[in-house]
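Me: I have a structure open and a few things to ask about it. Can we go through it piece by piece?

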Amino acid sequence: MRGFYRRYLQVVVRFLPFAIAFLRDRRRFLLVGSPRRLPESAHRERAEAMTETMLELGPAFVKVGQVLSTRPDVVPPTYVDVFGTLQDEVPEDAGGEPRDVLEAELGDELDLGTLEPVAGGSLAFVYTARYEGERIALKVRRPGVRTVIERDLRVVRALVPIVGLFADERQQYSIENVADDFEEIILEELDFEREARMMVDIGANVEDEDRVVVPGVYEDLSAERVLAMEYVPGEKITNEDVLDAHELTPSEMATLIARTYLKMGLIDGVFHADPHPGNLAVTDEGQLVIYDFGMSERLTPAEQEDIVSLYRTLVRRDVDGLMDALIALEVLEPTVDRAAVRDVLRLVIENLEGRSEITWRLIITELLTMLQDFPFRIPPDVMLLVRVGTVGEGVCRSLDPDFDFIAVIRDFLIDYGFIETELRALLEDVRTDLRQSAPVAAGLPARADRVLGQLERGELLVRTEPVETDDGDGGVGYAILAAAAVVAAAILTFHEASYEIAGLALAVAFFLLYLRSRLSA
């Protein structure tokens, strides 16, 4: 426990200046005074200083920063952006000798004299080695890292209640869950057997895709601390010369990345959740190769369906559907004030429609910023999907600054039958409205005769009260009138005069007004 208390004190001392700065933002003199308004540049400098501190504190806190970069419900957007730049690059000689792990696990299987270092991360190192005449890749867990991680997890868990005391009331709901979510994610990254299973499953799912490669796994050589894989060399995804050599435009590669990750999450249900540039490369054959599956997730069919609903409702700007999807994903509580949330979501969509450029990051930031007044959290699987979207979009836009991620999502959903084309969607809305209004329209002649009889006998009494509502849909009214005119024309066909022509003309007129109202909605 002595090591725990020493580490706890070290972390508190390192983060205390930042805690004081945040408290001064709320009250200039800590306990009294008005809030400070700092420019965004000052917050960015503070976030960069926090990033350096996390790097210096070691692997667990590097992961803390990476997780927080996906939690706009906990940290402001500027800090989300800066924390998202945290990478795992760590010197090979830091924290023990990984070769000792290979000696213990695979000393009899491999010629360790052929080892060559490839990359170093906060949790593991990657080497290549000769095996049965060919070169393979070996991911080796950093010696002693699990003990360090478990100690730092206890430190983080002990700090969370203290952080909650100083957080805004609206943030406390998320902070109470962040330690559990973080612990789950980082312990899964230490589980190389789980990572091997993920690689096998994702590799099988992309097996028929000629343009995407997932390295195979040598299961006989893999162990708790070592993951043996097929060695698939590649050039950086941002290397334009490599793309030109394979006659690939940056836009084509960006689209391939986006559609690959959408298929993983929405179709396959098993996805790689860390698509930063260091984990994506281009092979000698011009294929997209994906590395490092430590941060990955598996979705249940119900979760897949809920996430598809989230994407579909965002693309179609369906406020009620979006609210239902957020509740189904447990982002919002089922007991939330639906009317208030509906107003907020409608405002989010209106704000987005007023922007000249709409990105996935902007949608998520705007959505979660506007929901801050409600108790909400981001479950781990949703958090990783948010990370895939924001980090993946960043990679795509680094390749093609004009890349439209939302348009790619829309095309993907249409291609896989999750949403209809605009014309089909409009026709489906027409069918729905007519189906709902047909019973009303069919009863209109009898009702009209009854009302006229009451009017003649002086029995009709009309009460009116002022009603304030903005939830009405004028399009449904036009649909009802069009259906009523069709019914009237059908009845009038039995009359000697050609009154049915006038009825049909009215039906066409009301139907055109209905289409106009739907298209302008």
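This is a predicted model: local features need pLDDT of at least 70, side-chain atom pairs count only at pLDDT 80 or more; totals for chains, interfaces and linings use all residues.

Me: Which residues of H16 are buried?
Reply: In H16, residues 405-415, they are Phe 405, Ile 406, Val 408, Ile 409, Phe 412 and Leu 413. They sit on the same side of H16, because they cover an arc of only 160 degrees around the axis. The arc is that of the directions from the helix axis to the C-beta atoms. Buried means under 20% relative accessible area, exposed means over 50%, and partly exposed is in between, using a 1.4 Å probe and protein chains only.

Me: What do the buried residues of H16 pack against?
Reply: Four helices: H10 (250-268), H11 (301-316), H14 (360-370) and H15 (380-399). Contact means heavy atoms within 4.5 Å.

Me: Thr 390 is in H15. Buried or exposed?
Reply: Thr 390 counts as buried, at 10% relative accessibility. Leaving out residues up to four places away in sequence, Thr 390 touches Trp 360 and Arg 361.

Me: Switching to strands. Why is S5 largely enclosed?
Reply: S5 covers residues 226-230, and four of its five residues are buried, so the rest of the structure largely encloses it. S3 (residues 134-141) runs antiparallel to S5, and five bridges join them. Val 140 has Val 226 in S5 as its bridge partner. Two strands pair if DSSP finds at least two bridges between them.

Me: What is the order of strands in the open sheet?
Reply: The order is S4-S9-S8-S6, four strands with mixed pairing. S4 (212-213) and S6 (235-236) are the edge strands, each pairing on one side only. S6 and S8 (residues 280-282) pair in the antiparallel sense over two bridges, and Glu 235 stands opposite Val 282 in S8.

Me: Now charges. How many salt bridges does the structure hold?
Reply: It holds 23. A salt bridge here is a side-chain nitrogen of Lys or Arg within 4 Å of a carboxyl oxygen of Asp or Glu. In one of them the side chains of Arg 194 and Glu 297 meet at 4.0 Å, N to O. That pair links distant parts of the chain, with Arg 194 in H8 (residues 192-205) and Glu 297 in S10 (residues 296-298), 103 residues apart.

Me: Are those two buried or exposed?
Reply: Arg 194 is buried, with a relative accessible area of 9%. Glu 297 counts as buried at 10%.

Me: What about Arg 211 and Glu 209?
Reply: Their side chains meet in a salt bridge at 3.3 Å, N to O. Arg 211 counts as partly exposed at 47% relative accessibility, and Glu 209 is partly exposed with a relative accessible area of 32%.

Terms used
Residues are numbered from 1 along each chain as its sequence is written. Side-chain values use heavy atoms; hydrogens and water are left out.
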